[in-house]
Number of protein chains: 2
Amino acid sequence: MSETGTHHQPTAEQQYTPIPYGAPFAAFMLLPIPSTHSYKPPKKYEIGSGSSTDPKVVTCFNLADQDGNGFIDDKELQRFLSSDNQIFSLRIVHLLMYHITNTNTRVLGPMEFTSLLSTLQYWTSIFQRFDKDRSGKIDSSQLEVVLQSLGFSVSPVTLDLLVSKFDKSGGVEKVIEYDNFVGCCLTLKTLTDMFKEKETNNSGSATFTYESLKLKVLPFLIA
Amino acid sequence: MSETGTHHQPTAEQQYTPIPYGAPFAAFMLLPIPSTHSYKPPKKYEIGSGSSTDPKVVTCFNLADQDGNGFIDDKELQRFLSSDNQIFSLRIVHLLMYHITNTNTRVLGPMEFTSLLSTLQYWTSIFQRFDKDRSGKIDSSQLEVVLQSLGFSVSPVTLDLLVSKFDKSGGVEKVIEYDNFVGCCLTLKTLTDMFKEKETNNSGSATFTYESLKLKVLPFLIA
């Protein structure tokens, strides 16, 4: 497990080892991550220069858009992200769509889809470093390191809470599957954004009115 | 729709009209609400004098405890709260159990079960005033009035968010079923408690550190 802070072209092993994500997304994951993204989460809607017309992204979009209506709905995105072995949870598909669109409309156009691929590509690349056998799972002791690599600060108490939520066995097996790893990242990203938006002068404290707290937390619960 | 601030013995109509909640819980709902509870939510774990040995509560507990092990698990509670016509959502059963126990253990002993009945009895009694035909549903225009009766302050924006979450059609039909009404109350209650705990001197503002925000919001998402 080495963290060098750089991204590399996929190795031959990566190119030929089946990975447990949806086949089109798996193919996408073999693309190199733009070096501008290294160790910084891509900003929402920030699309690398020319990436909206990247033919590989267009191919992914067209594969995901099964009914060809020019939009990706939640079921299409679920199929795109699921593999034969692992169904990507619809709840986390909805969280993802909410995270990208800030609405509950549950459809993505090409721009939003590109943004979603960029976010997922970043998180998944780090997940894959720990998921050596491409099982689509990491154990809870690895989760803390992965989250720290992604820049999330997690105390032991927070980590326990996350594992009790995102381990499908409720914390018994302490194994985090790929879809729940994405859910975990989304949760921490949203809480971090919520905090930063209300933090005053890097004071380490964020102040909410009753209404602003409801308006921040409810959409998150609602997605 | 009259709100007199007093509770009455069940009418003959209430006694003989089937209601869409689980039969044992429906029977429990026919009990008069203790007058000490009128229009104030019962405090968590606050059990009325002698209510822990109330034979009707004991009967309810024994009906719910189908395997007779002395504890109510999530599936048992779901069956207890479901009727032939409406399955009470397991997600909201989990939220309820978390609300009562502050843990994810998902079992209730007699004390917690009594507390849960007390909380539900209060919320349900107000819901029933609007659910005149005992369909187990109210419309979204009634939701605001019900929530206000329960002491929750809801702005139009908050109400829209709640309806988009708790209407099973995603806000199209604008109908709130009984289980989602309970989920809605739990959500508002938790957010209100979270705010009040961190509010300083009734200032209208609550201050969180990054860690305290995570520790407050995560368990809520986790339940």
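Visitor: Quick one: does α6(B) pass α9(B) in a left-handed or right-handed crossing?
Guide: Right-handed: that is how α6(B) passes α9(B) (the near helix is turned clockwise from the far one by less than a right angle; anticlockwise is left-handed). This is a predicted model, where local features need pLDDT of at least 70, side-chain atom pairs need 80 or more, and totals for chains, interfaces and linings use all residues. Residues are numbered from 1 along each chain as written, chains are lettered from A and ligands numbered from 1 in written order, and side-chain values use heavy atoms, without hydrogens or water.

Visitor: At what angle do α6(B) and α9(B) cross?
Guide: Roughly 120°, and the axes of α6(B), residues 110–130, and α9(B) come within 11 Å. Helices are DSSP runs of H or I, at least four residues, and axes are fitted to C-alpha atoms over the stretch in contact, with angles from 0 to 180 degrees between N-to-C directions.

Visitor: Which residues make that contact?
Guide: On α6(B), Leu120(B), Trp123(B), Thr124(B) and Phe127(B). On α9(B), Tyr178(B), Phe181(B), Val182(B), Cys185(B), Leu186(B) and Lys189(B). Contact here is heavy atoms within 4.5 Å.

Visitor: And how many of them are nonpolar?
Guide: 8 nonpolar, with 1 polar and 1 charged. Asp, Glu, Lys and Arg count as charged, Ala, Val, Leu, Ile, Met, Phe, Trp, Tyr, Cys and Pro as nonpolar, and the others as polar.

Visitor: How do α5(B) and α9(B) pack?
Guide: At about 35°, axes 10 Å apart, with α5(B) covering residues 90–101 and α9(B) residues 178–198. Their crossing is left-handed. α5(B) brings Ile92(B), Leu95(B), Leu96(B) and His99(B), while the α9(B) side includes Val182(B), Leu186(B) and Lys189(B). By class that contact has 5 nonpolar, 4 polar and 2 charged residues.

Visitor: What about α7(B) and α8(B), what's their angle?
Guide: About 120°, axes 11 Å apart, for residues 140–149 and 156–166 of chain B. α7(B) passes α8(B) in a right-handed crossing. Ser140(B), Leu143(B), Glu144(B) and Leu147(B) of α7(B) meet Leu159(B), Leu162(B) and Val163(B) of α8(B). That makes 5 nonpolar, 1 polar and 1 charged.

Visitor: Switching topic: how many residues of chain A are in contact with chain B?
Guide: 33 of chain A, against 33 of chain B.

Visitor: What area is buried there?
Guide: About 3,100 Å², with 71% from carbon and sulfur atoms (accessible area lost on pairing, 1.4 Å probe, summed over both parts).

Key. Helices (H or I, at least four residues) and strands (E, at least two) are DSSP runs, numbered from the N terminus. Buried area is the accessible area (1.4 Å probe) that two parts lose on being put together, summed over both.
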